[in-house]
Amino acid sequence: MLRLRSFFLVFGVLSLCCTAAGDTSGVKKMKMQFRVFEEYTQALYQRYPDIRIEGENYLPIPLYRHVASFLSVFKLLVIGLIIVGRDPFAFFGMQAPGIWEWGQGNKIYACMMVFFFSNMIENQLMSTGAFEITLNDVPVWSKLESGHLPSMQQLVQILDNEMKMNVHMDTRTHHHS
């Protein structure tokens, strides 16, 4: 009976990991941001065929990356302790809290909760939502500063103004030479 229970527990955790590995909720979020980038890129290429558009992901600050990495390892440690049934609180001479006792009685649910809750926090720490637009290495829009994405109309207006200003500056330089 104990072997059968252990088999189902290990099978449940492995299937949880496989399900989570196939879970694309974080990827969907990235695809959504990438889709916005693609839509903007296509519209801008139609209006400005000679413009070069590049996109890249912004990394979060190092502290957030380190906390997310620690949380990832800690999550696996906690799941391992839940599966094995070892009480880490006894090691420190403490009484186990009620949630630990519940987790020992509901190992699969506890592992799922630890896994998904930890992943939610990790994704939040790793998501910057940054959106920066530069023209000839000159910043023209920053989501970090403004707090939102520009509408396509705003973006076109900004780029038109920047390009007119660049043309005006280029003609002034040629007249003075």
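In helix H5, which spans residues 98-105, the buried residues are Trp 100, Gly 103 and Gln 104; buried denotes a relative accessible area under 20%, exposed over 50%, and partly exposed the range in between, with a 1.4 Å probe and protein chains only. Viewed down the axis of H5, these buried residues fall within an arc of 100°, so they line one face of the helix; the arc is that of the directions from the helix axis to the C-beta atoms. On the other side of H5, Gly 98, Ile 99 and Gly 105 are exposed. The buried residues of H5 pack against helices H3 (62-84), H4 (88-91) and H6 (107-126), where contact means heavy atoms within 4.5 Å.

## Basis of the model

The structure is a predicted model, in which local features need pLDDT of at least 70 and side-chain atom pairs count only at pLDDT 80 or more, whereas totals for chains, interfaces and linings use all residues. Residues are numbered from 1 along each chain as its sequence is written, and side-chain values use heavy atoms, with hydrogens and water left out.

## Overall architecture

The protein has eight helices and two strands, and from the N terminus on its elements run α-α-α-α-α-α-β-β-α-α. Helices (H or I, at least four residues) and strands (E, at least two) are DSSP runs numbered from the N terminus. Of the 177 residues, 24% count as buried. Among contacts between residues at least 6 apart in sequence, 56% join residues at least 24 apart. The accessible surface comes to about 13,400 Å², of which 63% belongs to carbon and sulfur atoms; areas come from the Shrake-Rupley method with a 1.4 Å probe, and for residues only the protein chains shown count as cover.

## Nonpolar cores

A nonpolar core is a set of buried Ala, Val, Leu, Ile, Met, Phe, Trp, Tyr and Cys residues joined through side-chain atoms within 4.5 Å. The largest one has 13 residues, and those with the most contacts inside it are Leu 44, Tyr 48, Ile 133, Leu 135, Val 140, Leu 155 and Leu 159. Helix H2 (25-47), strand E1 (132-135), strand E2 (138-142) and helix H8 (152-176) each supply at least two residues of this core, and the largest share, four residues, comes from H8.

Residues up to four places away in sequence aside, Ile 133 touches Val 138, Pro 139, Val 140, Trp 141, Pro 150 and Leu 155. A second, separate core of eight residues includes Ile 82, Ala 110, Cys 111 and Phe 115.

## Nonpolar surface patch

Ile 99, Trp 102, Ile 108, Tyr 109, Met 112, Met 113 and Phe 116 form a nonpolar surface patch of about 700 Å². Patch residues have over 30% relative accessible area and no salt bridge; like charges are joined within 9 Å, and nonpolar side chains (Val, Leu, Ile, Met, Phe, Trp, Tyr) within 5 Å. H5 and H6 are the elements giving two or more residues to the patch, and its largest share, five residues, comes from H6. Ile 99, which lies in H5, is exposed at a relative accessible area of 62%.

## Salt bridges

The whole structure contains two salt bridges, each a side-chain nitrogen of Lys or Arg within 4 Å of a carboxyl oxygen of Asp or Glu. Asp 160 and Arg 47 meet in one of them, at 2.9 Å from N to O. This pair links distant parts of the chain, with Asp 160 in helix H8 and Arg 47 in helix H2, 113 residues apart. Asp 160 is buried at 17% relative accessibility, whereas Arg 47 is partly exposed at 48%.

Lys 75 forms a salt bridge with Glu 122, their closest N and O atoms being 3.3 Å apart. Lys 75 lies in helix H3 and Glu 122 in helix H6, so the pair ties together parts 47 residues apart in sequence. Lys 75 is buried at 6% relative accessibility, and Glu 122 is buried at 12%.
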